[in-house]
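Visitor: Could you walk me through this structure, one question at a time?
Guide: Gladly, here it is.

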Amino acid sequence: MKYLVILHAADQLDPPDHTAFRRAAQEAGELVDGQTLADPSLGTVLGSPGAPIHAFYLLDVDSPDRAVELAGLLPEATRDGAGVDVRPVMFSAAADY
């Protein structure tokens with residue numbers, strides 16, 4: 001089952017250390033992709049979301065508990081002004097075309 005781990009921060013944080021997360025997810029073969037996003041001022045926001053998204057990881061894990069376990073390794077999970085959103089991926093948009 002695939003999960004998108006979305007990292008939020010109230011402002012651009014110093015580059016956080018995701019080594020423990022990446023090592024655990026890569027060694028288990030569960031890390032599909034991950035990207036750091038450009039500064040939010042370079043994008044366009046529609047609506048009124050909370051803290052800006054500054055990065056994401058796509059995991060392919062056996063359970064929701066495993067996705068949350070891995071997400072808990074990220075510094076944003078415990079840092080003031082930051083957060084981590086773990087969501088199941090419902091379908092692949094590319095599969096529809």
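Guide: A word on terms to begin: buried means under 20% relative accessible area, exposed over 50%, and partly exposed in between, with a 1.4 Å probe and protein chains only. This is a predicted model, where local features need pLDDT of at least 70, side-chain atom pairs count only at pLDDT 80 or more, and totals for chains, interfaces and linings use all residues. Residues are numbered from 1 along each chain as its sequence is written, and side-chain values use heavy atoms, with hydrogens and water left out.

Visitor: Thanks! Is Glu30 buried or exposed?
Guide: The relative accessible area of Glu30 is 10%. The limit for buried is under 20%. Glu30 is therefore buried.

Visitor: Which residues are linked in a network of salt bridges?
Guide: Arg66 also meets Glu69 in a salt bridge, at 3.2 Å from N to O. Those two both lie in helix α2, three residues apart, about one turn of the helix. The linked residues are Glu30, Arg66 and Glu69.

Visitor: How are the rings of Phe21 and Tyr57 arranged: stacked, edge-to-face or tilted?
Guide: Rings of Phe, Tyr and Trp (its six-membered ring) pair if their centres lie within 6.5 Å; planes under 30 degrees apart count as stacked, over 60 as edge-to-face and the rest as tilted. Phe21 belongs to helix α1 (residues 19-27) and Tyr57 to strand β3 (residues 53-60), 36 residues apart. Phe21 is buried at 0% relative accessible area, and Tyr57 is buried at 8%. The ring centres are 4.5 Å apart and the planes stand at 50°, so the pair is tilted.

Visitor: At what angle do α1 and α2 pack?
Guide: Contact means heavy atoms within 4.5 Å, and Phe21, Ala24 and Ala25 in α1 meet Arg66, Leu70 and Ala71 in α2. Axes are lines fitted to C-alpha atoms, for helices over the stretch in contact, and angles run from 0 to 180 degrees between N-to-C directions. The axes of α1 and helix α2 (residues 64-71) are 9 Å apart, and the angle is about 145°.

Visitor: Which strands stand at the edges of the sheet?
Guide: Two strands pair if DSSP finds at least two bridges between them. Four strands form an open, antiparallel sheet in the order β2-β3-β1-β4. Each edge strand has a single partner, so one side of each is left without a neighbour in the sheet: these are β2 (31-36) and β4 (82-88).

Visitor: Over how many bridges do β1 and β3 pair?
Guide: In this pairing, Tyr3 stands opposite Leu59 in β3. Strand β1 (residues 2-9) and β3 run in the antiparallel sense, and the count of bridges is seven.

Visitor: Which strands does α2 lie across?
Guide: For α1, the strands are β2 and β3, with an angle of about 20° to β3. Helix α2 runs at about 160° to β4, and the strands that α2 lies across are β1, β3 and β4.

How values were computed
A salt bridge is a side-chain nitrogen of Lys or Arg within 4 Å of a carboxyl oxygen of Asp or Glu.
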